[in-house]
Amino acid sequence: EELPVVYEPKLEKDVIELVDSIIKKRRSKQGLDVEDLEKELDIIICDIYGLNEKEKKVILDFNYIANGK
């Protein structure tokens, strides 16, 4: 079964901007907390795959636990 992918140019632009921002912030200061940006990126990726709110919660909660929070 193929995963559903929702292509929207705005989502693509948002992903690029967030990744660029995360990279810039990490390069500017080692160890800088970019958790908020990473969570925002996770939400956009969930939207790209067309996940519903319950599925998003599972992914976001897993990432939160996996990162030791």
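## A buried aspartate in a predicted model

Asp 14 has a relative accessibility of 18% and so counts as buried (under 20% relative accessible area; exposed is over 50%, partly exposed in between, with a 1.4 Å probe and protein chains only). Its side chain meets that of Lys 10 in a salt bridge, 2.9 Å from N to O (a side-chain nitrogen of Lys or Arg within 4 Å of a carboxyl oxygen of Asp or Glu). Lys 10 is exposed, at 55% relative accessibility.

This is a predicted model, in which local features need pLDDT of at least 70 and side-chain atom pairs count only at pLDDT 80 or more, while totals for chains, interfaces and linings use all residues. Residues are numbered from 1 along each chain as its sequence is written, and side-chain values use heavy atoms, with hydrogens and water left out.

## Confidence

The protein chain has a mean pLDDT of 86, and 88% of its residues reach 70 or more (pLDDT is the predictor's confidence in each residue, from 0 to 100).

## Salt bridges

The structure holds six salt bridges. Lys 57 and Asp 61 form one of them, at 2.6 Å from N to O. Salt bridges that share partners also join Asp 47, Glu 53 and Lys 56 into one network.

Lys 56 is buried, at 11%, whereas Asp 47 is partly exposed, at 28%.
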